[in-house]
Amino acid sequence: MNKNIPEISLQRLPVYLNYLRSLSGDDKKYISSGAIAAALGMGEVLVRKDLAYTSGVGRPKVGYVRAELIAALEEYLGCNIRKRAVLVGAGGLGRALLAYGGFEKYGIDVFEAYDSDPSKAGTEIAGKPVRPVEELFQLKGSDVRLAIVAVPAAAAQSVCDTLSEAGISGILNFAPVQLKAPGDVVVRNIDVAANLAVLSNML
Ligand code: NAI
């Protein structure tokens, strides 16, 4: 399996996977790169190149066997390997993320949350326990590598520092602040507002 994939191609793989999963019926046993490209508004050559990273191989004239391509994408993206993740900041956004069932489709189990508000510690949100943030260090030595940060901007850097010390190596950051993390910790920022601003600029 080729893991030297450009990040931009990697980002498109879940888009292909979602689309392929959304199709159903016997008439959808095969699908061509052209059909995927047309449905997603992308170029066919680009789609073929992206899918080649996953070892998804199309057959001349018929295209890809949809089930095989889904399996190749799921394997490449590690959907079949369960990865545990925690959430820090069980406020408005955090609650919504804890209740979201979509992470499981990628093998990700957001199984617990941490918050600094003593009135939240000991409660459950969507069946997941909320723990005092002081207990974050207990993740050290566990198999948990992923964390979602949904705390106010002013608290995000110290949360990032604690997570890094606790052995977290991937942080999905919703706080509107540029986090400084050690070199072995990957931070991805999600900013819906900035995306809307870009979208609005394109109209
Ligand atoms: P909120 O105020 O409802 O929730 C924040 C939670 O973090 C609270 O439960 C609070 O007790 C907890 N908290 C505060 N300091 C903490 C610390 N040091 N350790 C652990 N928990 C701590 O805020 P909301 O609306 O849920 O937003 C959360 C963050 O997400 C904010 O930074 C906000 O700007 C950001 N946000 C980003 C969006 C995006 O598109 N990127 C969209 C919506 C919110």
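Modeller: Angles under 35 degrees count as roughly parallel, over 145 as roughly antiparallel, 65 to 115 as roughly perpendicular and the rest as oblique. The axes are lines fitted to C-alpha atoms, for helices over the stretch in contact, with angles from 0 to 180 degrees between N-to-C directions, and the elements are DSSP runs numbered from the N terminus, helices being H or I of at least four residues and strands E of at least two. This is a predicted model, in which local features need pLDDT of at least 70 and side-chain atom pairs count only at pLDDT 80 or more, while totals for chains, interfaces and linings use all residues. Residues are numbered from 1 along each chain as its sequence is written, and side-chain values use heavy atoms, with hydrogens and water left out.

Colleague: At what angle do helices H2 and H3 cross?

Modeller: The axes of H2 (residues 33-40) and H3 (residues 44-52) come within 8 Å and cross at roughly 115 degrees, and the two helices are therefore roughly perpendicular to each other. Contact here means heavy atoms within 4.5 Å; Ser33, Gly34, Ile36 and Ala37 of H2 make it with Glu44, Val47, Arg48 and Leu51 of H3. Counting Ala, Val, Leu, Ile, Met, Phe, Trp, Tyr, Cys and Pro as nonpolar, Asp, Glu, Lys and Arg as charged, and the others, Gly among them, as polar, the residues of this contact divide into 4 nonpolar, 2 polar and 2 charged.

Colleague: Which residues make the contact of H1 with H2?

Modeller: Helix H1 (residues 7-22) packs on H2 at an angle of about 100 degrees, with the axes 11 Å apart, so H1 and H2 are roughly perpendicular to each other. Val15, Tyr16, Tyr19 and Leu20 of H1 meet Ala35, Ile36, Ala39 and Leu40 of H2, a contact with 8 nonpolar, no polar and no charged residues.

Colleague: How many residues surround the ligand, and which are the closest?

Modeller: A residue is near a molecule if one of its heavy atoms lies within 4 Å of it. There are 23 residues around the ligand, the closest being Asp115, Lys120, Val151, Ile190 and Val192. From the backbone, an N or O atom of Ile190 lies 2.5 Å from a ligand nitrogen atom, one of Val151 lies 2.7 Å from a ligand oxygen atom, and one of Ser116 lies 3.2 Å from a ligand nitrogen atom.

Colleague: What is the phi of Ala126, and where is this residue found?

Modeller: Most residues other than glycine have a negative phi. Ala126, by contrast, has a positive phi, near 50 degrees, and it is found in the loop between strand S5 (124-125) and strand S6 (128-132).

Notes:
Polar contact = N/O pair within 3.5 Å; in protein donor to acceptor, adjacent residues only side chain to side chain.
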